Amino acid sequence: MNKADNTSKNGIDFSTVLASSVHDMKNSIGMLLSSVETILDEMKPETPEQERHFHTLHYEASRINGELIQLLTLYRMENGFLPLHIDEHFPLDVIEDQVARNQLLIDTSNIDVTVDCSPDLAWYFDTDLVGGVIHNVLVNGIRYTRQRIHIAVREEQKHLVVSIADDGDGFPDDMLVDPANRVFEASLSEGATHLGLFFASEIARLHKQGEDRGRIALMNGGALGGGEFRLILP
Amino acid sequence: MATIPYHKLRVLVADDFSNFRSTVNRMLLDLGVVNVDMASNSEEILELCSRKRFDVVLCDYNLGAGRNGQHVLEELRYRGFLGPRSVFILVSAEAGRNIVMSAYDSAPDDYLMKPITTRMLYNRLGRLLALKHALEPVYQALDRHDHASAMDTLIDMSLAEDRHSTAAQKMLGELFLQQGEYAKAENLYKRVLEVRELDWARLGLAKAKHLQGDFDQAGQWLNKIVEDNYLYLPAYDVLADNCLAKGDSRAAQEVVQRSVDVSPMSILRQKNLASLATRNHDPATALEAMRKVVKLGRLSCYGGEEDGREFARSLAALLEEGEVPPIAIVNEAFSSLESLAENNTELLPEQRAQLLYIQCRVRAARGERDVAGELLVQAELGVTVEDSDIDTEVDHIRALLCLGYEQKASELLERLQELYADDQEALERLDEFLDEPASEANKAIVAEVNREGIELYGQGRFSEALACFDRAVQLFPKHIGLRLNIVQALVGKLKAQPEDDEALRLCRESLETVAAGIEEDNAQYKRFLQLKNMARALHESA
């Protein structure tokens, strides 16, 4: 992505204006989300209909929240204001945190999430950024899977491989090739911008060891027969 | 993971929304925590923490108007209300560390992103408290000032290759550096770096070099660190110290300026920038930085009434240079000065005198000589030179100079050199007003720079020699020997390249400056005349 001169003829930098309103929106959504969770906690749904509405409310709010955070992170990345804190962390911690964060969503969607990761496996990465990627993939997976999501972490040829697999219909074929760059081709009419994949790929690329950089991969027919997302870090 | 005795924990939950407080309280109850206090603003947090030791503080970043969670954390540490065993978690609606760049200065133990769930809280608390628990023998050894056994325990933990070894390595490295075990620190950081290029280990290694006096190597590494990760603030701090250790205060200012550009909210860096800019005779930068210090100081434990005076001092210095700063800033500084002077009942006599001297300078620079003269007399009556302190007397000297009382100023300088004969730091403060430094440290700097410059001159590297003398003359503008060295280097340069107009001009200007200050009985007078003749000959041939 090239840093473009976004200053309009009125002297307003439109991307900065957008970023600051995204920031505001995100705070509002955050409040909305926590209100929804309090309501869900205090007033159990009485009919399946109510439960479905609550679920939609919660799911859509989390999705907006996640997308706004992605946008802000990308904005900061492009303007060189994204601090990178790579240190030794335990992937299991990050995954447990993200599963815990989405527990309500997982429960209300009746999905079975399993994790296969050694508690002793340590790796070098930025825990906030990688946590954000896992969160997005997880929320997305909850939408497209049927019953199960399986998160597996292992070390493979000196790389950390985090794979998140579901038992849904899998990704459309055209997404499997060069998924990170699909964001530019995807038209709004397709209904999806694939911003999440671009985000995940950029975060992966920030992780380097020598010349080697992190990347993402998509495949079908993974561990659970559906789609599988992989985050591969050096 | 060790079992955490949740029923014994003392927890403080702070947020301006009661909704959030009760939600978290309910989650804590689920975990078995019974001892929970609540606070809704920064005052309440500080008050509670002053009376009671908490094991865990869960504090929201937003606490309504006034101070935020980061301010509170800084103040808790500053006042010693938060021991190393306590866990401080900053909660916010924003993604992790990104919320505040200045978090590098006083980092919380962890961040939690809203919305929080019981499970998330349980995961984080479990991990953090397990780490504190594992470090308990280290804390106990440090409480006894038994550094040797603290190090031994940390070495064992570092080598264990478990969840706590990274934390132990970081702590051990700091402890080695603090105890002067530089070789051991270097080994530790090198071992970490063999596996992965981590910023904290690179910085640690550079610090070890810096502390051992290898400023060139340290500087090279530090520059590389900020080049690779220009948001990594602690590296700038060490780099600035490293420049100062090399005697290059202008480079130090540049480095601090870069760190302030990255993190404008850091009051301590703004203060450091102002003090370096003042030292480098750059009052415009000092004024701008002090303005921010005053503003940030309203909410920070690092703000103080001294900041208002320093803000006004930089205004006076700028006005004296004949510069016209933006009127809004002038008014701001001026009204802050006036209000400081009005509310002076709590001030010590020296502080009151400082204010009067600064007011005197500002008035004089605005052309109000009569008022300025009265303020000077008032200040001098308020405190005698003998009962005063060096800060006040430096203000005194400047006030005398701004009114053109050269004779009185030089008499005062002589008296102060007698009074502070045993106080090297005070003498350093006087050096900028003197022909030759009075303090040992500054004598050494001049000697070192001279040695370096003369060596370069001897090798015919005139431009580099000039840069060297230039740097020193910034620090000691009245030093005649240095000025003459500059002339001599310029003469050398002109002999090699006679058509250098810029050098000719500089040469003439330097000679004029010396001519204005040198007396015939000066030991350097003969040299001055020789150089003047050489310069004239060159000028005529050009």
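Mentor: Let's start with B:Ala235, which, apart from its neighbours within four places in sequence, is in contact with B:Leu203, B:Leu222, B:Ile225 and B:Val226 (contact means that the two C-beta atoms, placed from the backbone, lie within 7 Å). Before we go on: this is a predicted model, where local features need pLDDT of at least 70 and side-chain atom pairs count only at pLDDT 80 or more, while totals for chains, interfaces and linings use all residues. Residues are numbered from 1 along each chain as its sequence is written, and chains are lettered from A and ligands numbered from 1 in the order in which they are written.

Back to our residue. B:Ala235 sits in helix α10 of chain B, residues 233-245 (helices are DSSP runs of H or I with at least four residues, strands are runs of E with at least two, and both are numbered from the N terminus). One of its contacts, B:Leu203, is 32 residues away along the chain, yet the two C-alpha atoms are separated by 6.3 Å. Is B:Ala235 buried or exposed? B:Ala235 counts as buried because 28 other C-beta atoms lie within 10 Å (20 or more make a residue buried, 12 or fewer exposed, and anything in between partly exposed, with C-beta atoms placed from the backbone).

B:Ala235 is among the residues with the most contacts inside the largest nonpolar core, which has 114 residues (a core is a set of buried Ala, Val, Leu, Ile, Met, Phe, Trp, Tyr and Cys residues joined through C-beta atoms within 7 Å). B:Leu222, B:Leu239, B:Leu315, B:Cys360 and A:Ala200 are named alongside B:Ala235 there. A second, separate core has 38 residues, including B:Val11, B:Ala14, B:Val91 and B:Ile116. In soluble globular proteins, nonpolar side chains tend to be buried together.

What about chain B as a whole? Chain B has 542 residues, and 44% of them are buried. Its secondary structure comes to 25 helices and five strands, and its C-alpha atoms fill a box of roughly 90 × 60 × 40 Å along the principal axes. Among contacts in chain B with a separation of 6 or more, 54% link residues 24 or more positions apart.

Five strands of chain B form an open, parallel sheet in the order β2-β1-β3-β4-β5 (two strands pair if DSSP finds at least two bridges between them). β2 (35-39) and β5 (110-113) of chain B stand at the edges with a single partner strand each, so one side of each has no neighbour in the sheet. From one strand to the next, the twist averages 20° (axes are lines fitted to C-alpha atoms, for helices over the stretch in contact, and angles run from 0 to 180 degrees between N-to-C directions). Helix α1(B) packs on this sheet, touching β1 (10-14), β2 and β3 (56-60) of chain B, and runs at about 155° to β1(B). Over four bridges, β4(B) (87-92) pairs with β5(B), and B:Ser92 stands opposite B:Met113 of β5(B).

The contact between the chains takes 21 residues from chain B and 26 from chain A. On the chain B side, α1 (18-31) and α4 (118-143) are the elements that give two or more residues, and α4(B) has the largest share, four residues. That side of chain B has seven nonpolar, eight polar and six charged residues (nonpolar means Ala, Val, Leu, Ile, Met, Phe, Trp, Tyr, Cys and Pro; charged means Asp, Glu, Lys and Arg; the others, Gly among them, are polar).

Finally, cross over to A:Ala200 from the 114-residue core. Beyond its neighbours within four places, A:Ala200 is in contact with A:Val133, A:Asn136, A:Val137, A:Ile216 and A:Leu231. Helix α7 of chain A (195-205) lies across β8 and β9 of chain A, at about 135° to β8(A). Those strands belong to an open sheet of five strands with mixed pairing, in the order β2-β4-β5-β9-β8 (chain A). Here β2 (112-116) and β8 (215-220) of chain A are at the edges, each with a single partner strand, so one side of each is left without a neighbour in the sheet. Strand β9 (227-233) runs antiparallel to β5 (159-166) of chain A, joined by six bridges.
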